[in-house]
Amino acid sequence: MHKKIGTLATLVASTLALGIAAMGSAHAQAPGKIKVGLMLPYTGTYAALGNAITNGFKQYVAENGGKLGGREVEYIAVDDESDPAKATENANRLVKRDQVDVLVGTVHSGVALAMAKVARESKTLMIVPNAGADELTGPLCAPNVFRTSFTNWQPSYAMGPVMLKKGHKSVVTLTWKYAAGQQAIEGFKESFTQGGGKVLKELTLPFPNTEFQAYLTEIASLKPDAVFVFFAGGGAAKFVKDYAAAGLNKTIPLYASGFLTDGTLEAMGGAGEGLLTTLHYADGLKNPKNDAFRAGYAKAYKLQPDVYAVQGYDAAQLYAVGLNAVKGDATKKDEMYKAMGGARIDSPRGAFSMSRAHNPVQDIYLRKAAGRENVLVETSAKALADPARGCKM
Ligand code: BEZ
């Protein structure tokens, strides 16, 4: 009798143990797909930028068998329209309704700032593949917010010494009046005025207006040595064409951060030829990663990549570093963020590391527009780190 009970007990115990083991292994083997929320502009002046970021991200995933951290990837994409007024609702939808594991976005600094608030409050990982808002890796830096692009300060700061070396002493600036434009101008002004340059006037127009005529007339009457601008996407192409049509390209040299000419040279129809810009990427950079990346992108999309595609590709690379460190278990957030913070990314732009504030420490290149390419002239700032003013992490 005793023996029977013992046998039964052993049977129950071992069945239970088997069941628990089976449950455990089922959990370990099938954690489901990683949900990637792409919140990017797919319409409006920054539509091409959002598409290039998406292409770059998906290219890296495709190169890795459609997986990140060993898990299949599901994409949920939202067109943010570069509209800050819709940003909180869009981000909340991805986090609360769709329960994404990561928010990837966006292009527009104002939209990104609203997204980051949602990410911080919901403790969702956010990877910024473009928006340069200095605050994201400055006073608003956070353990769960990473960026694979730049701060608005970085590429513009690198232009000051370049223009001073060319002998330009007085400059007029022009940009859209929102965080990206204003911070880009601040970055440029910092190094330009430190080196003895003078900014005669800072002109702005509302985003995304492209009625430039009145500003071009004012620039002509101010007669600066040179002009420095921040524009990107469709608006950038229109600005450069208008600058040339007004004849200003013959009398007042135009300079900018590289967003002016990245992905826009074809639309400029030759008006951008010879423009000098500073950015963390150049088309013909000679490194094996860039060669492979460009060939893969051209094959997959029948297009040439630009800086936005690189940033999207690197967003996927950075996420893979985090997920690989936790074998795909995205709930192990601290471990994942530690790996991402310490990552050294083998990027088409050249390798970069993450700053303490989670922003790339990277080379900034001086490039010259030639045909449809932004060709490398020289490295204008080596391993440039954003000062991350106000980051308390
Ligand atoms: C921004 O809003 O941060 C931005 C948009 C386009 C290019 C670069 C920066």
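Biologist: How many helices and strands are there in the protein chain?

Modeller: This is a predicted model, in which local features need pLDDT of at least 70 and side-chain atom pairs count only at pLDDT 80 or more, while totals for chains, interfaces and linings use all residues. Residues are numbered from 1 along each chain as its sequence is written, and side-chain values use heavy atoms, with hydrogens and water left out. Helices (H or I, at least four residues) and strands (E, at least two) are taken as DSSP runs numbered from the N terminus. Counted in this way, the protein chain has 13 helices and 15 strands.

Biologist: Which helix gives the most to the lining of the largest pocket?

Modeller: A pocket is an open set of points on a 1 Å grid over the protein atoms alone, with protein on both sides within 12 Å along at least five of seven lines, and its lining residues have an atom within 4 Å of a point. The largest pocket holds about 580 Å³ of space, where a volume is the space filled by probe spheres set on the points, joined across faces, edges and corners; 28 residues line this pocket, and Gly263, Thr264, Glu266, Gln304 and Asp306 are the closest to its centre. At least two lining residues each come from H2 (47-63), H9 (233-245), H10 (265-268), H11 (288-301) and strand E15 (373-384). With five residues, the helix that gives the most is H2.

Biologist: What is the volume of the largest cavity?

Modeller: A cavity is a set of grid points where a 1.4 Å probe fits but cannot get out, and the structure holds one cavity of 30 Å³ or more. Of the 15 residues that line the largest cavity, Val107, Asn130, Phe150, Tyr178 and Phe230 are the closest to its centre. The volume of this cavity is about 90 Å³.
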